Amino acid sequence: MAADLPLLLAAAITSVIGVLGGLGGAVLLVPALVLLGMPVADAAPLGLLTVAAGSVAAGPGHLAARIVNHRLGVSTEIVASSGAVLGALVSKLLPQRPLVWILAAGAAGAAFVGGRRTGVRNPAQPELGPEQIGEQIGTLSGAYPSSYGVAPYRVRRVPLGLAFMGLAGLVSGTAGVGGGFIKTPVTSELMNVPTRVAAATTTFTIGITSSAALIIFALQGRMDLRSGSAVILGSLIGGRLGGGFQSRLPPTTIRRALSVLLLLVAVILVTTS
Amino acid sequence: MSGGQNPPTSRITGRRQAAGLRLATAVAAFAAAIGILAPDPIGAIAGSIAVATVIAAPLLRVAWLVVRWSQEGDYRYVAIGLGLLSVIAAGAGLTVASR
């Protein structure tokens, strides 16, 4: 138990931060474990476990707030999971360093775009009532409860967004991270989805991406059950806390926190590659 | 959005989904705690249950959404959901085949 405690605490802390920004905790946990001396091959499945557990724990809070767009999530996820399965199958063949540098540049770029944006992109419409909150049947659009009332949104640039989701999935399968640090800024800044909806929807989808890759890791016998138990327990606690905070914070605060986190991710990626 | 020109808003509230996720969280947390504290083989079995629960929960969530979308008559997204589950099943099948 004493040996598992640092792992449990690390998973809890990274999961709170990861769920809050819709990034998943693995992008912080995996580099931390590698820096502590754990081989990447062992850290990757633990990273995916923290993402899956954080996603499960954060789900009830996001569902109660009605800020998950499931149709958008499943549509983007079909591409991301294909990338994750491909990445997990060929993870030992791909060169890691160029991929990591591209990802670091992407994370820094997303931090810049999200951080400099001001104002409300999807304004609330007073004529809309609470019954309009949710997804529209047959489309990717919907409405969400903003601080100023019910705000409708319409998803844009779907093909380009899907291309980035495929890249995020490939990264998940190869590097053992959830890909949320690509998915959330792409969903928010490129596809015009409100930040809270983007973060909650990504938290839902990275759970699926992680499950897809974890099945392969489990079948390959790459799962340490004792370490995995510590990571799961820590991530469930952290995910629950992060999901609760995310539903209460204003979008501007989440967006700024997300920008800071993305810059941190870029630094971590560059320094550990 | 409210004037009838846009498609209707889905009536899925997510209450049952949330209840299922709370149950999965409780089962996984309990099993993970036993997995840390108990010696093998009990610890290993409990750890396996914790891992299986967090892997299965997101996939069962998608399966549940497919059922609810079919009840709403939204067959485009039923097909997309089934496609997603098929991709994941194919990945598992490829792994088993390549062992």
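Predicted model: local features only at pLDDT ≥ 70, side-chain atom pairs only at ≥ 80, totals over all residues.
The size of an interface is often given as the accessible area lost when the parts come together. Here, chain A and chain B bury about 4,800 Å² between them, and 71% of that area lies on carbon and sulfur atoms. In terms of contacts, 59 residues of chain A touch 57 residues of chain B. On the chain A side, V56(A), I137(A) and L219(A) lose the most area to chain B; together these three account for 13% of what that side buries.

The largest nonpolar core has 84 residues, and the members that touch the most others are L49(A), F181(A), M191(A), V193(A) and I232(A). Helix 8 of chain A, which covers residues 195–219, gives the most to this core, with 12 residues. Leaving aside neighbours within four places in sequence, L49(A) is in contact with L214(A), M223(A), G228(A), V231(A) and I232(A) in chain A, and with V51(B) and V54(B) in chain B. There is also a second, separate core of six residues, among them V56(A), L63(A), A18(B) and L21(B).

Just after the helix, G73(B) takes a positive phi of about 80 degrees.

Charged residues complete the picture. Side chains of opposite charge can pair when their charged atoms come close. The structure holds five salt bridges over all chains, and the count between chain A and chain B is three. R71(A) takes part in a network of salt bridges with E135(A), E72(B) and D74(B). In the pair of R71(A) with E135(A), the closest N and O atoms are 2.9 Å apart. That pair links distant parts of the chain, 64 residues apart: R71(A) belongs to helix 4 (residues 70–89) of chain A, and E135(A) to strand 1 (residues 134–135). Both partners are buried, the cut-off being under 20% relative accessible area: R71(A) has 0% and E135(A) has 9%. R71(A) also meets E72(B) in a salt bridge, at 2.8 Å from N to O. E72(B) lies in helix 2 of chain B and R71(A) in helix 4 of chain A, so this pair joins two chains.

A salt bridge in another setting is formed by D40(B) and R226(A), with the closest N and O atoms 4.0 Å apart. This pair, too, crosses between chains. D40(B) sits in the loop between helix 1 (15–37) and helix 2 of chain B, while R226(A) is in helix 9 (residues 225–248) of chain A. D40(B) counts as exposed because its relative accessibility is 56%, whereas R226(A), at 28%, is partly exposed.

Conventions. Residues numbered from 1 in each chain as written. Chains lettered and ligands numbered in written order. Heavy atoms only, no water. Core = buried A, V, L, I, M, F, W, Y, C linked by side-chain atoms within 4.5 Å. Buried < 20%, exposed > 50% of the residue type's maximum accessible area, 1.4 Å probe, protein only. Helix = DSSP H or I, 4+ residues; strand = E, 2+ residues; numbered from the N terminus. Contact = heavy atoms within 4.5 Å. Salt bridge = Lys/Arg side-chain N within 4 Å of Asp/Glu carboxyl O. Buried area = accessible area lost by both parts, 1.4 Å probe.
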